[in-house]
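Thanks for coming. I will talk about charged side chains and how they pair up.

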Amino acid sequence: LAFVAQKGADYVVVMDGVESRPYEGIPHKGNPVFSPDSKRLAFMAIKGKKMLVVEGATEGKAYDKVSFPFYSPDSRHLVYPVEDNKKQFIVFDGKEFPPFDRTSVQAFSPDSSRFAYTARQGKKSFMVVDGKPQQAFDDVALPVFSPDSKHLAYLGKDGEKFVMVIDGVKTPAYDEILQFAYSPDSSRHFYTARRGDRWYLY
């Protein structure tokens, strides 16, 4: 059992009756968070004019802003988005990934061996896969890993046209793309797409 409690003017996280060190603020909503195997616990806290993530008795580096931490499906990795000096980036097991103007949607592969998130720099957006930015689009979204974790697909948009990028290869462009999914054995995939007034299933 873990919860946030006020102690005088400060706040603490109480886990199994043991208090964390006090902080000036600990957001209540979505905080603290357990790893899927229930063996690890992390929370974000306010310290002075900065924010940081605390796991166990270990404090992470302080930043201007920190978003809620989350664990990989196998509980081995701790990830959280941060902002510092007006740049946003991902902290993965304490390691800072490259900064961008903005980062957003994050996804682990089912086996936790791979990680993807969206990033924007200037007027272009990228899918960052295993720490490496992929090809640039006006916008990107919806990272989807296959059940066996070996394949990744995501949506790319340039102007008013959409493509699926599957293992780094772009499909033809369409006016709209919906409902991408992999087969349970990861050997096949499908999506629906519209070009003009006609819909296609691939």
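A salt bridge here is a side-chain nitrogen of Lys or Arg within 4 Å of a carboxyl oxygen of Asp or Glu. This is a predicted model, in which local features need pLDDT of at least 70 and side-chain atom pairs count only at pLDDT 80 or more, while totals for chains, interfaces and linings use all residues. Residues are numbered from 1 along each chain as its sequence is written, and side-chain values use heavy atoms, with hydrogens and water left out.

Take Asp175 and Lys161, whose side chains form a salt bridge at 2.5 Å, N to O. This pair links distant parts of the chain, 14 residues apart: Asp175 is in the loop between strand 20 (169-170) and strand 21 (176-182), and Lys161 is in strand 19 (residues 161-166). Strands are DSSP runs of E, at least two residues, numbered from the N terminus. Lys161 is partly exposed, at 39% relative accessible area; buried means under 20%, exposed over 50%, and partly exposed in between, with a 1.4 Å probe and protein chains only.

Next, Arg40 and Glu55 form a salt bridge at 2.6 Å, N to O. Arg40 sits in the loop between strand 4 and strand 5 (41-47) and Glu55 in strand 6 (residues 50-55), so the pair ties together parts 15 residues apart in sequence. Arg40 is partly exposed at 23%, and Glu55 is partly exposed at 23%.

Then there is Glu59 with Arg21, where the closest N and O atoms are 3.1 Å apart. Arg21, Lys47 and Glu59 are linked in a network of salt bridges.

The total count is 13 salt bridges.

Key
Helices (H or I, at least four residues) and strands (E, at least two) are DSSP runs, numbered from the N terminus.
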